Amino acid sequence: MTDDDSEPTVPVACSACGTTTQVALSEVGDAIERHNERLHDGEQIAAVDPAIREQLSDIVAEDLDLL
Ligand SMILES: [Zn+2]
């Protein structure tokens with residue numbers, strides 16, 4: 001798996017940590033869940049950047065649980 005260019009990434013922002021991380025689209029749901037579970041006791045704090053989320057909804061619609 002060396003085709004890094006083939007997968008789009010989306011920014012995941014966490015207001016509690018003050019961080020924004022680029023995550024591969026196919027992993028973003030897991031990454032958010034892991035982050036929130038490990039760092040925030042399962043609270044839904046980290047999330048896809050809202051502006052990007054709107055764009056994503058056009059592309060992946062309901063494929064992702066987090067929309
Ligand atoms: Zn966080």
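Me: What makes G18 stand out in the hairpin of β1 and β2?
Reply: In this predicted model, G18 takes a positive phi near 70 degrees. The hairpin has four residues between its strands.

Me: How do you know that β1 and β2 pair?
Reply: Strands pair if DSSP finds at least two bridges between them. β1 and β2 have six bridges, in the antiparallel sense, so they count as paired under that rule. As an example of who faces whom, P11 stands opposite Q22 in β2.

Me: And what joins β1 to β3?
Reply: Two bridges do, and these strands run antiparallel. The cut-off is at least two, so β1 and β3 pair as well. Here A13 stands opposite A47 in β3.

Me: Back to the loop between β1 and β2: why is S15 called exposed?
Reply: S15, which lies in that loop, has 10 other C-beta atoms within 10 Å. A residue is exposed if that count is 12 or fewer, so S15 qualifies.

Me: Now the helix. How do you know that the span of α1 agrees with what it should be?
Reply: α1 covers residues 28-40, which is 13 residues. At 1.5 Å a residue they should span 18 Å, and the end C-alpha atoms are 17 Å apart, so the two values agree. After α1 comes D41, whose phi is positive, near 55 degrees.

Me: Which residues of α1 are buried, and what puts them on the same side?
Reply: V28, I32 and H35 are buried. They cover an arc of only 65 degrees around the axis, so they sit on the same side of α1. The face turned away from the buried side carries the exposed residues D30, R34, E37 and R38. As for the cover over the buried residues of α1, it includes β1, β2 and β3.

Me: What makes up the largest nonpolar core?
Reply: Seven residues: V10, V12, V28, I32, A46, V48 and L56. Leaving aside neighbours within four places in sequence, V10 is in contact with V23, L25, V28, V48, I52 and L56.

How values were computed. Residues numbered from 1 in each chain as written. Predicted model: local features only at pLDDT ≥ 70, side-chain atom pairs only at ≥ 80, totals over all residues. Buried ≥ 20, exposed ≤ 12 C-beta atoms within 10 Å, placed from the backbone. Expected span 1.5 Å × (residues − 1). Arc of directions from axis to C-beta. Contact = placed C-beta atoms within 7 Å. Core = buried A, V, L, I, M, F, W, Y, C linked by C-beta atoms within 7 Å.
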